[in-house]
Amino acid sequence: MVVLILSAAPASLRGAMTRWLLEVSPGVFVGHLSARVREQLWELVRAYIGDGRALLIWSARSEQHFEIASLGHDRDPVDIEGCIVMRTPYRQIEGAKSIPGAVKPAKESWSIAARRRRFRNTAERALGQQ
């Protein structure tokens, strides 16, 4: 099974894809292709995509049972220990003071349980010294 998603692609490229795949929605093509034909279609997409974007998803013998190829997207498929995840590049947001997703420093305040434990320990020490 092959799914090809084209965004902002030339009409001629979309027309060429309809020779091999069924266009189920504008820019979304689905079909069953051999690996050789799939690779040749992907080379055609690379050659004629221009400023557009393309995402190719196909069945594979892997942990997730599919593979992904991306072209022109800001997200990239990355294989981490056999599982594919989509990596989004970090962009600094104007006016932001902290980096999203960064490790936050330890809070200065205490949880209720920690306050009770600290109070209990100081009270025990005070009673033990008398």
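Visitor: What makes two strands count as a pair here?
Guide: Two strands pair if DSSP finds at least two bridges between them. Keep in mind that this is a predicted model.

Visitor: How do you know that β1 and β3 are paired?
Guide: Four bridges join β1 (residues 2–7) to β3 (residues 28–31), and at least two are needed, so they pair. The two run antiparallel, and valine 2 stands opposite glycine 31 in β3.

Visitor: Where do these strands sit in the sheet?
Guide: The open sheet has five strands in the order β2-β3-β1-β4-β5, with antiparallel pairing.

Visitor: Why are β2 and β5 called edge strands?
Guide: Each of them, β2 (22–25) and β5 (66–71), pairs on one side only.

Visitor: Why is the contact between glutamate 23 and arginine 14 called a salt bridge?
Guide: Their closest N and O atoms are 2.6 Å apart. The cut-off is within 4 Å, so the pair qualifies. Side chains of opposite charge can pair when their charged atoms come close.

Visitor: Why is glutamate 23 called partly exposed?
Guide: Its relative accessible area is 29%. Buried means under 20% and exposed over 50%, so glutamate 23 falls in between.

Visitor: What makes arginine 87 and aspartate 76 a salt bridge, and what does the pair tie together?
Guide: The N to O distance is 3.7 Å, and the limit is within 4 Å, so it counts. Arginine 87 lies in strand β7 and aspartate 76 in strand β6, so the pair ties together parts eleven residues apart in sequence.

Note on methods:
Residues numbered from 1 in each chain as written. Predicted model: local features only at pLDDT ≥ 70, side-chain atom pairs only at ≥ 80, totals over all residues. Heavy atoms only, no water. Salt bridge = Lys/Arg side-chain N within 4 Å of Asp/Glu carboxyl O. Buried < 20%, exposed > 50% of the residue type's maximum accessible area, 1.4 Å probe, protein only.
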